[in-house]
Amino acid sequence: MRLHLDSSKCEAHGLCYSRAPQLFDSDDDGNAVLIDAEPSEKDRNFAELCVQTCPEGAITLTEE
Ligand code: SF4
C-alpha cells in the first residue's frame, strides 16, 4: 500500500492531517505534507478515508 499526494492539487482544507495526523502533517501555509507514504495495514482505514474525503482529489492510494 502506497499513499501519494499531489501537492499541486492541495488547497489546504486540512481534512487529511486533522483526521490522520499519523499519515499527514501540514506546512506553514496549511498545505498537506505526506509523512508516511507506506502506511501499515492498521492505518488502511485512515488512508482510504483521506483518499475519499480530500475535496481536491489530491490523495491517491495504490497497492504495491
Ligand atoms: S484534504 Fe486534500 S486538499 Fe485538504 S489538506 Fe489534505 S490533501 Fe490538501
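## Ligand shell

Helix H1 (residues 15–19) supplies the most to the shell around the ligand, with three residues. Helices are DSSP runs of H or I, at least four residues, and strands are E runs of at least two, numbered from the N terminus. The model is predicted: local features need pLDDT of at least 70, side-chain atom pairs count only at pLDDT 80 or more, and totals for chains, interfaces and linings use all residues. Residues are numbered from 1 along each chain as its sequence is written, and side-chain values use heavy atoms, without hydrogens and water.

The ligand has 14 residues around it; Cys-10, His-13, Gly-14, Cys-16 and Cys-54 come nearest. A residue is near if one of its heavy atoms lies within 4 Å.

## Salt bridges

The structure holds six salt bridges, each a side-chain nitrogen of Lys or Arg within 4 Å of a carboxyl oxygen of Asp or Glu. One of them joins Arg-2 and Glu-64 (3.0 Å, N to O). Arg-2 lies in strand S1 (residues 2–5) and Glu-64 in the segment after strand S4 (59–62), so the pair ties together parts 62 residues apart in sequence.

Arg-44 pairs with Glu-41, the closest N and O atoms being 2.8 Å apart. Arg-44 also meets Glu-63 in a salt bridge (3.0 Å, N to O). A network of salt bridges links Glu-41, Arg-44, Glu-48 and Glu-63.
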